[in-house]
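Here's a quick briefing to read alongside the model. Have the sequence and the 3D view open as you go.

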Amino acid sequence: MAKFFLGLDSSTQSLSAVVIDGQSRKVVHETSLNFDRALPHYGAQNGVLPHRDPLVKHGPPQMWAEALDLLLAQMKKEGAPLGQILAVSGSGQQHGSVYLNDRAPEALARLNPQRPLVENLRGIFSRPTAPIWMDSSTTGECAEIRKRLGGIRAAAQKTGSDLFERFTGPQIRKFYKTDPEGYAKTASIALVSSFMASLLAGKIAPIDHGDGAGMNLMDLRKKTWRADALKATAPQLRRKLPPPATPWKIIGPVSPYFVKKFGLNPEAQALVWSGDNPCSVVGLGLIHEGMAAVSLGTSDTLFGTMKRCRTDAHGEGHVFVSPAGGYMTLICFKNGSLAREKIRALYGIQNWSDFGKLVAAARPGNDGGILLPWFEPEIVPRANQPGVHRFDLDERNAAANCRAIFEAQMLSMRLHSAWMNARPEQIYATGGASNDTALLQVMADVMNCRVLRIESSKSAALGAALRAAHAWCLHCGGEPKWADVVAGFTAPMPGSEIRPNPKAARIYDRLLEKYAACERQALKMSNR
Ligand code: XUL
C-alpha cells in the first residue's frame with residue numbers, strides 16, 4: 001500500500017511541494033508557485049519588498065500564507081493524493097523572522113475554511129513585514145551582541161556561527177531598538193519555517209534545532225536557548241520564543257482548516273519544519289559524516305556533515321544541527337560562478353565547454369601559478385576589498401588562468417573546511433558549473449575524493465518530505481534508519497563518478513601550503 005508524505009519548501013521566491021510514496025520510493029507529485037507571478041498584489045520583486053535602504057530586505061508573511069492556500073488548491077486540482085498524506089513537513093528560507101501578537105494562538109486554533117487563510121490571520125502580526133536572509137542592515141547589532149558573547153571565536157563556539165547580519169538574533173535586536181513598542185506587543189517570534197508549520201498545525205509551532213541554529217541564540221551543543229545570547233539580544237526574549245525541538249517532532253494532526261478546504265487527510269501529522277539548508281542535507285542524502293555536497297552557483301557553497309560538534313574559530317563557516325543527526329556545516333564562497341564568468345569574459349572564451357577544454361589543457365598545479373579571484377569582496381576568507389591577485393602566473397596565458405581560478409576555488413574550499421576535521425569521502429556536485437567534467441576532475445584531485453553529480457533543484461522540499469516519512473515511522477513505533485529513509489530518492493546521476501588522479505592529488509597536497517601563504521599575503525592587501 002502506498003505511503004504518501006508531503007514536503008513543502010517556502011523559499012525566497014516560491015512555495016514548492018513534493019509528494020513522495022515511501023512504499024514505491026518515488027516522487028509522485030511536484031508543483032511550485034512563484035510569489036511574484038501568482039501574488040503580484042504584494043508588490044514583491046523576486047519575493048522581496050522594495051525598500052529605500054538597499055540593505056533592508058523584508059518579505060510579507062501574509063504572502064507566504066496566501067501561497068499555501070493557492071498551492072494546496074493547485075495540488076487538489078492536479079489530483080495530488082492529499083487525502084492519503086500521512087505526515088507533512090516543510091523547509092523555510094533560513095533566518096527570516098515573523099512577529100506575532102497575543103491574538104495569534106486563538107486565530108490559529110480557529111482557522112475558518114470559509115475564509116481565505118490570510119483573512120484568518122488579520123490582526124495577528126506585531127510587525128507588518130518579516131526581515132529575511134538577504135537583509136544586511138544589522139552590522140551595529142552584530143557588533144553589540146558579538147562583544148557581549150566574547151568575540152568571534154566565542155560566539156561561533158557558543159551558537160554555531162559568528163554574528164551575521166541576516167541571522168535572527170541581530171534582526172530581533174534591531175526591531176527592539178527601532179520599535180520598542182512593536183517589540184513589547186510581540187508575544188511570539190517565529191522563523192519562516194515555524195510560522196508555516198504553525199499554519200498547518202493550527203498552533204504556535206516549536207523551532208527545530210536545525211533552523212534554530214541559524215539564530216545566534218541557541219546553544220549548539222545543549223540545543224536550548226542560551227541565557228547570555230538572549231540577554232545580549234533583547235529583553236524578555238525567552239518568553240517570546242517557542243521551545244527548540246528535535247527536527248522529527250510531531251506537533252499534532254493538521255488543522256481542520258486544510259482538511260475541510262482541500263481534503264487533506266484528517267489524520268495527517270504536522271511536523272516541525274526546518275531550514276532549507278538542513279532540509280537539503282537530507283534531500284541530497286548527506287546522512288553520514290564525511291558526506292559533502294558542493295553547489296557551484298553564483299556563489300559556491302559547501303555543505304558537509306559532522307558527527308561531533310566542531311565550530312570554526314575564524315567564524316567563517318556556519319554550523320547547524322543536521323536533521324539526520326549530528327551536525328552540518330555551510331560555508332559560502334562568494335566568488336563562485338561570478339568569478340569564473342569574469343575570467344571567461346576576460347579571455348573572450350565562447351562557452352563553458354571551451355573553458356573546460358582550456359582547464360584540461362593546462363597541467364595540474366599550473367607549475368605553482370596561483371590566482372585569487374576576489375572580483376567581489378569575499379566572505380571566505382574575509383576580504384573586505386575586492387582584488388584579483390596573481391602569483392607566479394602569466395596573465396597572458398588563458399589556459400593557465402582558467403585552470404588557476406578553479407584550482408584556487410577548490411584549494412580555498414579545502415583549506416577553509418579543514419576545521420571540520422571530517423575530510424569528505426565523496427562529494428556530490430550540483431549547480432550550473434557541475435556539468436563540466438574538467439572542473440569536477442580538479443575538484444576530485446584537490447579534495448582527493450570521488451565526485452558525483454546530483455540533481456538538487458527540489459532538494460529542500462524532498463528533504464522535508466523525507467523528514468516527514470522518518471518522523472511518521474518513529475511516531476508509529478518504528479526505528480527508521482536514515483539510509484533506508486533516503487534510499488532511492490537521493491541517488492547521484494548514473495555514470496557521473498569522477499575519481500581523483502593520485503599524481504594530481506599529490507601535487508595539490510603540496511600546493512595547499514603555497515596557496516595558504518598567497519592568501520595571507522593577498523588578505524593583507526584586501527583588508528588594509
Ligand atoms: C543560509 C542562508 C540562505 C538561505 C536561503 O545561511 O542564508 O542559504 O537559507 O534560503
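This is a predicted model: local features need pLDDT of at least 70, side-chain atom pairs count only at pLDDT 80 or more; totals for chains, interfaces and linings use all residues.

Numbering starts from 1 along each chain as its sequence is written, and side-chain values use heavy atoms, with hydrogens and water left out.

- A polar side-chain atom of N277 lies 3.0 Å from an oxygen atom of the ligand, and a polar backbone atom of Q94 is 3.1 Å from a ligand oxygen.
- On its own the ligand has 290 Å² of accessible area, and the protein covers 86% of that (Shrake-Rupley method, 1.4 Å probe; for residues, only the protein chains shown count as cover).
- The residues around the ligand (one of their heavy atoms within 4 Å of it) are Q93, Q94, H95, W133, R166, D276 and N277.
- That shell splits into one nonpolar, four polar and two charged residues.

**Nonpolar cores**

- The largest nonpolar core has 114 residues, and I20, L217 and M443 have the most contacts inside it. A core here is a set of buried Ala, Val, Leu, Ile, Met, Phe, Trp, Tyr and Cys residues joined through side-chain atoms within 4.5 Å; buried means under 20% relative accessible area, exposed over 50%, and partly exposed in between (1.4 Å probe, protein chains only).
- Helix α17 (residues 398–416) gives the most to this core, with nine residues; helices (H or I, at least four residues) and strands (E, at least two) are DSSP runs, numbered from the N terminus.
- Leaving out residues up to four places away in sequence, M443 touches V294, L296, F406, M410, I427, A429, N448 and V451, where a contact means heavy atoms within 4.5 Å.
- Another core lies apart from it, with 58 residues, among them L6, V88, V118 and F262.

- V380 and P381 are joined by a cis peptide bond, with omega about -5°; P381 is in the loop between β18 (370–374) and β19 (387–391).
- R25 isn't a glycine, yet has a positive phi of about 55°. R25 sits in the loop between β2 (14–21) and β3 (26–34), and is partly exposed at 28% relative accessible area.
- N421, also not a glycine, has a positive phi of about 55°. N421 is in the loop between α17 and β20 (426–430), and counts as exposed at 58% relative accessibility.

How values were computed:
A polar contact is a pair of N or O atoms within 3.5 Å; within protein, one must be able to donate a hydrogen and the other to accept it, and residues adjacent in sequence count only if both atoms are side-chain atoms. Ala, Val, Leu, Ile, Met, Phe, Trp, Tyr, Cys and Pro count as nonpolar, Asp, Glu, Lys and Arg as charged, and the others, Gly among them, as polar.
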